[in-house]
Amino acid sequence: MTFKTLDDLPQDLSGQRALVRVDLNLPMKDGRATDLTRVTAVAPTILELADRGAKVLLLAHYGRPKGERHSTMSLSMVQGDIERVIDREVMFIPEVMGPVVEQSVGILSDGDIGLLENTRFWPGEEANDAEFAKGIAANGDFYVNDAFSAAHRAHASTEGLAKLLPAYAGRAMEKELKALDAALGTPNPPVAAVVGGAKVSTKLAVLENLSRKVQHLIIGGGMANTFLAANGVNVGKSLCEHDLTDTARTIMDAADEAGCTIHLPYDVVVAKEFAANPQSLRTCNVHEVAEDEMILDVGPQAVEALGDVLKTCATLVWNGPLGAFETPPFDEATVSLAKTAAALTQAGALVSVAGGGDTVAALAHAGVADDVTYISTAGGAFLEWMEGKELPGVAALSA
């Protein structure tokens, strides 16, 4: 897809009002944000627009207030956090439309920044109500979406505004869309995908879509056990969705027809109990798993072979760990393959794009978060993109 960016705006934006959708749904504890990653991500867009002379009005949601005001979900709570990150004063405006916003915008000077109230305090936001969107749009000259994490929602502030005002992708959104296009849109083949996680049922659409798009599909985590069981392997008391073995076989058949190789572990790390460094820990062939054992990680021989697969690929998309990485030593396969992917990326041999909460944590745990091409912190939006779905907030930006 093609979309306009900040480069398509006039250099001098003095006198212009920019409505900028950002993600400020920050984790909070005792009234303070515990992680400012999302603010840091949108800071370049905010500062660039302000430095070019625009009055910047930030739009965002927080929590699930379901169309009602809640003091504990007011965006006034994050005003100070934004100011600390961008080192500028931010005016909090307790509405999103109407005379209060109009008057506040009149007070702002060119280059000043205002933070509007939680968009989800109004039912019109999640309903994508046209009149609500018009009310917000009345105080803007153009719209910038810099919140990919909310792009899978067809809300007034993510889609409605883009239909009413000239719409542009912010710098974080631009970076995300370019990375995703490089991973699955128009990637350099061969393409490998790593998909892990506990259950096949949560990633059925992801597996079905990827099996048609990539050349190598590496399946790990608990979902690999369902595929192993579908192949007739006795997985003992491992986490396994036995009712989905027919579905797994259908996915494998479709992948085979599309020329996609599905990689399942042939040696595994097992234990009789799920605990850190259990006495019953051992590595064995998948056909040697005992009835009272559970598979908790991919074995070293399989991981080495998967590393060799990555060495033949030009593109990698990763979502989910290979094993129960939060509990040692069941993090070894994920860490090992992540280091291989990072080394290939740093050598210029691989474009690597990763996303999803567990994936971000796993790559950070492996110490390679800064060594892959791109990490998406968007949860639901990243997953829906991997499913091949059109994201309303992205489609609305299409030029």
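Let's start with strands β9 and β10. β9, residues 191-195, and β10, residues 216-219, pair in the parallel sense over four bridges. Pairing here requires at least two bridges found by DSSP between the strands. Strands and helices are DSSP runs, numbered from the N terminus: E of at least two residues for strands, H or I of at least four for helices.

A word on the source. This is a predicted model, where local features need pLDDT of at least 70, side-chain atom pairs count only at pLDDT 80 or more, and totals for chains, interfaces and linings use all residues. Residues are numbered from 1 along each chain as its sequence is written, and side-chain values use heavy atoms, with hydrogens and water left out.

Back to the sheet. Six strands form an open sheet with parallel pairing, ordered β11-β10-β9-β15-β16-β17. β11 (261-263) and β17 sit at the edges with a single partner strand each, so one side of each has no neighbour in the sheet. From one strand to the next, the twist averages 15°. Angles run from 0 to 180 degrees between N-to-C directions, and axes are lines fitted to C-alpha atoms, for helices over the stretch in contact.

Now the other sheet. It is open, with three strands in the order β13-β12-β14, and the pairing is antiparallel. Its edge strands are β13 (282-285) and β14 (294-298), each pairing on one side only. Neighbouring strands are turned by 45° against each other on average, direction ignored. β12, residues 267-271, pairs with β13 over four bridges in the antiparallel sense. There, D267 stands opposite N285 of β13.

On to the helices. α8 (204-213) packs on α10 (245-258) at about 20°, axes 8 Å apart. The two are therefore roughly parallel. That term covers angles under 35 degrees; over 145 is roughly antiparallel, 65 to 115 roughly perpendicular, and the rest oblique. α8 passes α10 in a right-handed crossing. Right-handed means the near helix is turned clockwise from the far one by less than a right angle; anticlockwise is left-handed.

α11 (300-310) and α12 also pack at about 20°, with axes 10 Å apart. That makes α11 roughly parallel to α12. Their crossing is right-handed.

On a 1 Å grid over the protein atoms alone, a cavity is a set of points where a 1.4 Å probe fits but cannot get out; a pocket is an open set with protein on both sides within 12 Å along at least five of seven lines; lining residues have an atom within 4 Å of a point. Volume is the space filled by probe spheres set on the points, which are joined across faces, edges and corners.

How many cavities of 30 Å³ or more are there? One. The largest cavity has a volume of about 40 Å³. β15 (315-319), α12 (332-346) and β16 (351-355) each supply at least two lining residues. β16 gives the most, three. The lining includes W318 and L363. It divides into eight nonpolar, one polar and no charged residues.

The largest pocket holds about 610 Å³. It is lined by 23 residues, with T37, R38, A41, I375 and T377 nearest its centre. α1 (37-51), α7 (171-185) and β17 (374-376) each supply at least two. Nonpolar is Ala, Val, Leu, Ile, Met, Phe, Trp, Tyr, Cys and Pro; charged is Asp, Glu, Lys and Arg; the others, Gly among them, are polar.
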